[in-house]
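Good morning, and thank you for coming. I would ask you to look at the structure on the screen, and I shall then go through some of its parts in turn.

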Amino acid sequence: MNDHYQVIDNRWLVDVFSVGPLQCNCTIIGDLTSKQCLVFDPGGQAVDIFNRTKKHHLDISALICTHAHFDHILAAGDLHQLTGALIYLNRHDFSLWKSLELQCNFFNIPYQPIPNPQHWIVDEQVLPCCSGIALHTPGHTPGSMSFWFESACLLIAGDTLFRHSVGRTDLWGGNQEQLQRSIREKLYTLDEKALVITGHGLLTTISEEKRMNRIVPAIPC
Ligand SMILES: [Zn+2]
C-alpha cells in the first residue's frame with residue numbers, strides 16, 4: 001500500500017490511495033476552505049473514491065485524467081454519473097480514450113464503456129480549485145499531463161515520472177525522447193522540495209529524482 005494522507009497549511013487536503021486492476025495511485029486534492037476537491041486518475045472503485053470525498057466533506061469539482069490508459073480512467077464514467085463532475089483530458093489522448101475496449105482486451109481486463117471527456121485540458125491551464133496548474137508533459141502518451149500545486153508544493157506526475165524511474169514508452173503513441181524532454185524541462189525545473197505523486201508505486205520528490213532517477217538524470221550523460 002502506498003496510501004498517503006496529509007493536510008498542508010491547514011488548507012490543502014491530500015489523499016492518495018491505489019485503485020483498480022493495476023493499483024493506479026488515485027489522488028484527492030481538496031481545499032478545506034471552499035470544500036471543493038479534484039479527483040485525479042479515477043482508475044477504478046468509483047464508490048470507494050466517492051465515499052472518501054464524502055468522508056472528507058468535499059464536493060468533486062472535476063475528474064482529471066493524467067492520460068488515457070485504461071488503468072487511470074476506468075471509474076471516470078461512474079463518478080461522473082454519481083456526481084455530475086466533468087471529466088478532463090488532454091485532446092491528444094482522445095484516440096487512446098476511444099480505444100478503451102482494445103486496451104482492456106490487450107491487458108485482459110473486463111471492459112466497461114465510459115462517456116467521452118467533457119473538457120479538454122491544455123498546457124498552463126488553471127484548474128477549477130486548489131490553484132493547480134496543468135503542465136503538458138508528453139512522452140508516456142501524447143496527451144500526458146502533470147499538475148503543479150505551488151501553494152501545497154506538490155506535483156501530480158501520472159505515469160510520466162516514477163520513483164527512480166519513468167513510465168514506459170513502448171505503448172501506443174509513447175516517445176522516449178519526448179518523455180525525457182518533458183521531465184527535464186517541465187518537472188525538474190520545479191521546486192526541488194516538491195512532493196511528487198507518481199502514477200503507480202511509491203511517492204518521491206523532485207530533488208530525489210534529480211539525484212537518483214536511473215533513466216533521466218538531471219544532467220544529460
Ligand atoms: Zn499509463
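Let me begin with a question: in β13, which residue is the bridge partner of Leu 154? The partner is Leu 195.

Before I continue, a word on the source. This is a predicted model, in which local features need pLDDT of at least 70 and side-chain atom pairs count only at pLDDT 80 or more, while totals for chains, interfaces and linings use all residues. Residues are numbered from 1 along each chain as its sequence is written, and side-chain values use heavy atoms, with hydrogens and water left out. As for names, helices (H or I, at least four residues) and strands (E, at least two) are DSSP runs, numbered from the N terminus.

I stay with strand β13, residues 195-198. Strands β10 and β13 run parallel and are joined by four bridges; two strands are said to pair if DSSP finds at least two bridges between them. With strand β14, residues 204-205, β13 pairs in the antiparallel sense over two bridges, and there Leu 195 stands opposite Thr 205. The hairpin of β13 and β14 has five residues between the strands, and in it Gly 201 takes a positive phi near 75°.

Where do the side chains of β13 point? Leu 195 and Ile 197 point one way, Val 196 and Thr 198 the other, and all are buried. Buried means under 20% relative accessible area, exposed over 50%, and partly exposed in between, with a 1.4 Å probe and protein chains only. In a regular strand, side chains alternate between the two faces of the sheet.

I turn now to helix α5. Its twelve residues, 176-187, should span 16 Å at 1.5 Å a residue, and the end C-alpha atoms are 15 Å apart, which agrees. The expected span is 1.5 Å times one less than the number of residues. Leu 179, Ser 182, Ile 183 and Leu 187 are buried in α5. They cover an arc of only 95° around the axis, which puts them on the same side of the helix; the arc is that of the directions from the helix axis to the C-beta atoms. On the other side of α5, Glu 177 and Glu 185 are exposed. The buried residues pack against several elements, including β10 (154-158) and α6 (206-212).

At the start of α5, a side-chain oxygen of Asn 175 reaches to within 3.1 Å of the backbone nitrogen of Glu 177. In the loop between β12 and α5 we find Thr 169, which counts as buried at 18% relative accessibility. A polar contact of 2.9 Å joins the side chains of Thr 169 and Gln 176. Such a contact is a pair of N or O atoms within 3.5 Å; within protein, one must be able to donate a hydrogen and the other to accept it, and residues adjacent in sequence count only if both atoms are side-chain atoms. Leaving out residues up to four places away in sequence, Thr 169 also touches Leu 179, among others; contact means heavy atoms within 4.5 Å.

Finally, the open sheet. Its seven strands have the order β1-β2-β3-β4-β5-β6-β7, with mixed pairing. The edge strands, β1 (4-8) and β7 (119-120), each pair on one side only. Strand β1 pairs with β2 (residues 12-19) in the antiparallel sense over five bridges, and Tyr 5 stands opposite Asp 15 in β2.
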